[in-house]
Amino acid sequence: MLLKIVKTTALFTLTTCSLNAGEFNAQAEKDRLALIDYMEAKFEDPLKNRYTFFPYSTDDELENNIEKGLTHEDFGIGNYSFSKQGKFSYDQIKEMPPYEEIVESGEELYNENKALQKCFPDVTIAGDYPYFDEERKEVISLTSAINDCIVASGEKKWNEKKGKMPILQSYFASATTEAEKKVDIKITSAEAAAAYERGKEYYYTQRGYLKLSCATCHVQGTGQRVRNESLSPLLGHTTHFPVFRLKWGKDDVYKGIATLERRMAGCVKDQGQNPPKASSKEMKELLYFMAYMSNGMNVDGPDIRK
Amino acid sequence: MATKKSRIKAKEKKGVTTAKIMAKHEMLSYDEAKRAKKEANFITYMVAKVDGVVVYESSTSQFLSKNPFVSFKFKGENKGKELEFTWIDLKGNKRTDKKKIK
Amino acid sequence: MNRRKFLGLGLGLGAAAILTPATLSATNFRETNKSAFEGPKSHTVNDAMTELFGTSTTTDSKEVKLKAPAIAENGAVVPLAISSKLNGSTVAVFQDANPESLVSVYTVPANGIIDYKLRIKMAKTGTVTVVIKEGDKLYSASQLVKVTAGGCGG
Amino acid sequence: MKKLYSMAIIAGLALSLSGCTTPNGSKITSLSTAKTDKDKDGVMDISDQCPNTVPGTTVSKDGCKIYTSVLDLNERELCDVKKHGVDQVLATASKYNNIAKEHGVEYKRQGVTTSGYIEAAKEAIAAGKTIVHPKGDKTKKDFTVEYVAQRACKFGIGALVLEAEGKKNWREAVPGDGYKY
């Protein structure tokens, strides 16, 4: 018995020592690759593989509205990745998107604020968040990092969902996109891996009175229809935020843009659950998991949605 | 009324210039104005010129979207020249903005 | 992307000038054919077309290319793309989802190409019709655009 | 700090759940029951809050079944307004929803959280009204107090049941893990 304990301990120590930074993400990496495989298999030929992947979709939907043969990077634009129906509008509006002036205002905000310039000397960082802060032992989202900076400079913290926050983030996202950077989320410790796992569990656990998990709609449900909505994929979900929504910006362009946290809260509400606060541990860990799933994909923000 | 600058992008490729323009305007239709308890006002006419020659012209209604976007194409060697875009609204406000064709 | 150091507040050029439009226009259809835009003959596509062109008889033509979403993402922003190889002089866009039907009339200039994009508002589901006048003839194309409300946005 | 996903909390929660607690602990028990133990659970009827437990059930000091899991809760029975009355069902709703809130799994339906339903029902009762319009309700429907109490109770328990089930089955949806296609 004692020998066994010694052995186990030795093995454990050995394992711990031999784990370099690259290996704490082993599980996450496995999950990410499995997700890519799943999405690519699902959209290889939706009509042919309907019984496996699209049991509820109509012939018309499968024949006329869903693109086939999608590969990894194709999944960066939400349901427009495969849904032909909305793609025309999307492409047309992207020709001159309403958020261009918001990006400029974000740049202005940055240029006027010494503290922000000091905290974020490099603005091409949209793909590096969230990250796990090894000293604070917690996940830091772009939103929480900006607010930490704002508060440290003596200002009152910004609204985490709308207003200056997404306006500034539009600038960061746009600069990151122009620099052609990719999502680059790191997991470099056991604590970080645990935070990732909690985020993953949140994502895949059914919640709310509708008993849906995030995955019900955005993994298994991707490409299927809920009323008139074609459901978007988890893969690539975080690559293009902040997002300008036509319905939010109907009256005032600047109200059209909002953070990932706002979108998440809206979606969790649609599940029938009271959503976690934007700066809560739950939300940040959830975003950490989601962003990891998009690792290696192009940052492509801001973007537009209906 | 203070008007806002139109966003203009113009690019020539093989003798064809493509212009993309977003004018900043509320485009309040009669119905929308009634709901918002404001006066209706919308762009009624748009024209674009290069060297004083009309290259685009449209008479418009209240049903163009808010901050209306228009895109059009025209022929000619225009690289480096200035595209001049003007709109006029129902109340007679007028705005002209210019942008060099790339 | 070329970014201006500019917040978008209207300063400078052409601000707040009040001029009569007539001096600018080759043809401002709002002046020459006002009844096509507003008033009792502006409500239906046929009436407005007659007010504008003198007739509502058109020929459906594959030469008139109209692209519009089958289901609008948002009724306030319905993008349209119109193009044609016809040697047209006038292009007009109508729809039957709003109180008045005429949306926009283009005069095609000498070096112009019929390749227009625009974004329109549609209060409800309706049909968009594009008419191109070539010589004395009118050619047209139509498409139904469904406008739905609500939804969670995918 | 919330220990949202620790199994220990779930286990702890399960132990603290007892089947038919009354909100204020009051129960009218006749004197003649002082020395009897009808359900033979070892708790004299005078202090037995659940005098009819099935023989062989492990009970707590109050004579009620000790639940080892929220999955054992009989939501239908517990949230039955006709049987328990609105006040008690609301108390049951509060009890379980408070735990749900602590765990970050509180339900929200059409703009109203479970807490919102409970509050609205209590306010209506205090004001002597029978119809409830919960704050923020997007449906703008007329709800009876009974209906709201029952819904809040079902939501409170449902959230915990869903959470407990989720602990067991969430991996079944993960590609590369429990999800096979």
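What share of the contacts in chain C with a separation of 6 or more comes from residues 24 or more positions apart? In this predicted model, the figure is 61%.

**Chain C on its own**
- Chain C has three helices and nine strands.
- Of the 154 residues in chain C, 44% are buried.

**Where chain B touches chain C**
- Here 39 residues of chain B meet 40 residues of chain C.
- On the chain B side, the elements giving two or more residues are E1, strand E3 (43-50), strand E4 (53-60), strand E5 (69-75), strand E6 (82-89) and strand E7 (93-100).

**Where chain A touches chain C**
- This contact pairs 27 residues of chain A with 23 residues of chain C.
- Helix H5 (84-95), H6 and strand E4 (229-230) of chain A each put in at least two residues.
- H5(A) gives the largest share of the chain A side, with six residues.
- By class, the chain A side has four nonpolar, ten polar and 13 charged residues.

**Helix H6 of chain A**
- H6(A) covers residues 100-112, and its 13 residues should span 18 Å at 1.5 Å a residue; the end C-alpha atoms sit 19 Å apart, which agrees.
- The buried residues in H6(A) are A:Glu100, A:Glu101, A:Ile102, A:Val103, A:Glu104, A:Ser105, A:Gly106 and A:Glu107.
- Those buried residues pack against helix H9 (164-178) and strand E6 (257-258) of chain A, and also against strand E1 (4-13) of chain B.

**Chain D: H4 against H5**
- The axes of H4(D) (residues 86-102) and H5(D) (residues 114-126) come within 10 Å and cross at roughly 155 degrees.
- Angles over 145 degrees count as roughly antiparallel, so that is how H4(D) and H5(D) run relative to each other.
- H4(D) passes H5(D) in a left-handed crossing.
- From H4(D), the contact uses D:Val86, D:Leu90, D:Ala93, D:Ser94, D:Asn97, D:Ala100 and D:Lys101; from H5(D), it uses D:Thr114, D:Ser115, D:Ile118, D:Ala121, D:Lys122 and D:Ile125.
- Sorted by class, the residues of this contact are seven nonpolar, four polar and two charged.

**Chain D: H4 against H6**
- H4(D) also meets H6(D) (residues 145-169), with axes that come within 8 Å and cross at roughly 30 degrees.
- That angle makes H4(D) roughly parallel to H6(D).
- The crossing of H4(D) and H6(D) is left-handed.
- On the H4(D) side, the residues in contact include D:Val86, D:Val89, D:Leu90, D:Tyr96 and D:Ile99.
- Among their partners in H6(D) are D:Val145, D:Ala149, D:Cys153, D:Phe155, D:Gly156 and D:Leu160.
- The residues of the contact of H4(D) with H6(D) come out as 15 nonpolar, four polar and one charged.
- D:Val86, D:Leu90, D:Ala93, D:Asn97 and D:Ala100 are among the H4(D) residues that touch both H5(D) and H6(D).

How values were computed:
Residues numbered from 1 in each chain as written. Chains lettered and ligands numbered in written order. Predicted model: local features only at pLDDT ≥ 70, side-chain atom pairs only at ≥ 80, totals over all residues. Axes fitted to C-alpha atoms, helices over the stretch in contact; angles between N-to-C directions. Helix = DSSP H or I, 4+ residues; strand = E, 2+ residues; numbered from the N terminus. Parallel < 35°, antiparallel > 145°, perpendicular 65-115°, else oblique. Left-handed = near helix turned anticlockwise from the far one by under 90°. Contact = placed C-beta atoms within 7 Å. Nonpolar A, V, L, I, M, F, W, Y, C, P; charged D, E, K, R; others polar. Expected span 1.5 Å × (residues − 1). Buried ≥ 20, exposed ≤ 12 C-beta atoms within 10 Å, placed from the backbone.
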